Amino acid sequence: MVLGIGIDIIEVERVRKLVEKNPRFLQRIFTTQEINYCQKKRNKHQHLAARFSAKEAFFKAIGRRISWTDIELINLPSGKPQLKIKSKEKFPFKKIHVSISHLAEYAVAMVILEGEK
Ligand SMILES: CC(C)(COP(=O)(O)OP(=O)(O)OC[C@H]1O[C@@H](n2cnc3c(N)ncnc32)[C@H](O)[C@@H]1OP(=O)(O)O)[C@@H](O)C(=O)NCCC(=O)NCCS
């Protein structure tokens with residue numbers, strides 16, 4: 001059954017400004033693997049913003065905040081995104097579904113948590 005759902009939208013420009021204003025922002029929010037993935041992309045701030053949005057959507061789905069870097073968005077060989085959560089066993093859900101999308105101005109993400117009641 002569905003245990004939680006979260007959705008988030010963010011302005012790409014907001015993330016760009018945060019990254020450029022504070023060099024520590026990247027390391028505080030994103031894992032090394034996330035940063036490496038986004039750095040290779042032409043529109044890296046769009047990809048970063050989508051990952052930021054996915055983490056916010058996860059917070060909404062579980063109903064609280066955890067450390068940003070305890071959540072990692074990875075891409076399967078097909079490109080499909082997947083959320084990896086540190087100490088996942090502490091949470092009641094069994095499976096996480098995530099989808100992200102981004103344009104020049106906005107990035108969005110949706111998270112659905114599945115498990116037993
Ligand atoms: C995957 C696809 C739908 C992305 O759509 P898009 O309009 O170009 O771009 P969006 O901004 O909406 O989405 C980009 C995100 O889609 C996600 N994505 C990539 N491949 C995906 C896949 N196979 N399934 C689900 N999500 C995927 C990624 O997370 C990507 O963002 P990221 O590179 O920052 O991680 C598009 O490239 C496509 O149609 N690819 C070929 C067919 C395919 O694999 N379709 C899968 C869905 S039917």
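# Chatting about the ligand shell and its chain

Visitor: Which element gives the most to the shell around the ligand?
Guide: That's β4, with 3 residues. Strands here are DSSP runs of E with at least two residues, helices are runs of H or I with at least four, and both are numbered from the N terminus.

Visitor: Is this predicted, or what am I looking at?
Guide: It's a predicted model: local features need pLDDT of at least 70, side-chain atom pairs count only at pLDDT 80 or more, and totals for chains, interfaces and linings use all residues. Residues are numbered from 1 along each chain as its sequence is written.

Visitor: Okay, which residues are around the ligand?
Guide: You'll find H47, A50, N75, S78, G79, K80, P81, I100, S101 and H102 there. A residue counts as near if its C-beta atom, placed from the backbone, lies within 6 Å of the molecule. Two elements give two or more residues to that shell: α4 and β4 (95–102).

Visitor: How do those shell residues divide into nonpolar, polar and charged?
Guide: There are 3 nonpolar, 6 polar and 1 charged. Here Ala, Val, Leu, Ile, Met, Phe, Trp, Tyr, Cys and Pro count as nonpolar, Asp, Glu, Lys and Arg as charged, and the others, Gly among them, as polar.

Visitor: Back to α4. How many of its residues are buried?
Guide: 15 of its 19, so α4 is mostly covered. Buried means 20 or more other C-beta atoms lie within 10 Å of the residue's own, exposed means 12 or fewer, and partly exposed is in between, with C-beta atoms placed from the backbone.

Visitor: And what span should α4 have?
Guide: At 1.5 Å a residue, helix α4 (residues 44–62) should span 27 Å, and its end C-alpha atoms are 27 Å apart, which agrees. The expected span is 1.5 Å times one less than the number of residues.

Visitor: What comes just after α4?
Guide: G63, which takes a positive phi of about 85 degrees.

Visitor: New topic: how do β2 and β3 pair?
Guide: Strand β2 (residues 71–75) and strand β3 (residues 81–85) run antiparallel over 5 bridges. To pair, two strands need at least two bridges found by DSSP. I74 stands opposite Q82 in β3. The hairpin has 5 residues between the strands, and G79 takes a positive phi near 100 degrees there.

Visitor: How many helices and strands are in the chain?
Guide: 4 helices and 5 strands. From the N terminus on, they run β-α-α-α-α-β-β-β-β.

Visitor: What does the C-alpha trace span?
Guide: About 45 × 25 × 25 Å along its principal axes.
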